[in-house]
Amino acid sequence: MNFSTHPPTLRLVVIGAGTMGRGIATAALQAGLATTLVDLAPEALEAARTTIERRLQRAVVSTAAGLEAFRCSTNLAEAVREANVVIEAIPEIEQAKIEIFAQIHACAPQYALLASNTSTMSVSTLAQACGGSDRVIGMHFFNPVHRMALVEIVTGAATSQETVADARALCARLGKDPIVVRDVPGFVTSRLGLLLGNAAMRLVEEGVASVADIDKAMRLGYGHPMGPLELADLVGLDARLNNLRSMLTRSGEPEYRAPAILERLVAAGQLGKKSGVGFYAYQGDAVQGLQPLLGLNGRVEHL
């Protein structure tokens, strides 16, 4: 099924009700697509529904119309049975993704586009879990999905040109601007972004500058919309740690080893914006100050 030449009535399923899954579902609903969000945890789905409803209220899209096209489910097999597109957005844990793709492949229609939101993992490996299907592709969205235009389309060894065309067409429906990259560790964006984040965290560990000043340097000096430590808090420090572990395993390059401060913050449950404290402390969506355990010179004092 070629979405470009024969656009169907798209029925999109997102697997995973975390930060990225909620964002992808929001973008799909804003584009007028019938969307089902799947997660094993009912409480995660309920929290996701609340977040998505709030976002739709802020958008031009009618909340009633958007929510009418929105479903939540804890039953993956039932949800994907008539899907045109399935986008997996679970954490960066390879075995978990492999198992999810095997389930999707067993239950979804043969023509369905099977996409992973992975930022570091091999699309070819995920395709192997689907019997080498040429319908498996990477579609790496960026947080916050409903605002960020970029999607990294990742082609595995078996990915067909029709599948690439369908992924491009879906991006167009979602109002996204894609790039197409080969299936190498970290692709383009994670390969660069993780290195910048690691360097920033090590500057904090060494007391070179404060968290706020490191971020300010990249905003004002390089024109970044947010600094690397702000971005890590937004993405989630646990997600960043999973990404680094995956990249280190796949690439073998030591510069992707997680900084000690990141390991310690995650172990302490301080995961960034979603937990209320990471490199910064938050009150709702607003930054209230720096991480309480960081000294004024940016050094880790008590972790």
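Which residue in S2 is the bridge partner of Arg11?

Modeller: In S2, Arg11 has Ala34 as its bridge partner. The chain crosses from S1 to S2 by way of helix H1 (residues 19-30), in a β-α-β crossover that is right-handed (with the strands pointing away from the viewer, the path from the first strand over the helix to the second runs clockwise). Helices (H or I, at least four residues) and strands (E, at least two) are here DSSP runs, numbered from the N terminus.

Before going further, the model is a predicted one, in which local features need pLDDT of at least 70 and side-chain atom pairs count only at pLDDT 80 or more, while totals for chains, interfaces and linings use all residues. Residues are numbered from 1 along each chain as its sequence is written, and side-chain values use heavy atoms, with hydrogens and water left out.

S1 and S2 run parallel and are joined by five bridges, and two strands pair if DSSP finds at least two bridges between them. S2 also pairs with S3, again in the parallel sense, over four bridges, and Leu37 stands opposite Cys72 in S3. S2 is mostly covered, with four of its five residues buried (under 20% relative accessible area; exposed is over 50%, and partly exposed in between, with a 1.4 Å probe and protein chains only). Thr35, whose place is in strand S2, is buried with a relative accessible area of 0%. Leaving aside neighbours within four places in sequence, Thr35 is in contact with Leu12, Val14, Ala25, Ala28, Leu29, Ala69, Phe70 and Arg71, where contact means heavy atoms within 4.5 Å.

The setting is an open sheet of eight strands with mixed pairing, in the order S3-S2-S1-S4-S5-S6-S7-S8. Strand S3 (70-73) and strand S8 (177-182) stand at the edges with a single partner strand each, so one side of each has no neighbour in the sheet. From one strand to the next, the twist averages 25°. Helix H2 (residues 42-58) packs on the sheet and touches strand S2 (34-38) and S3, its direction making about 165° with that of S3; axes are lines fitted to C-alpha atoms, for helices over the stretch in contact, and angles run from 0 to 180 degrees between N-to-C directions. Helix H5 (residues 94-107) lies across strand S1 (11-15), strand S4 (85-88), strand S5 (113-116) and strand S6 (136-141), running at about 170° to S5.

H2 and H5 are the elements that give two or more residues to its lining, and H5 supplies the largest share, three residues.
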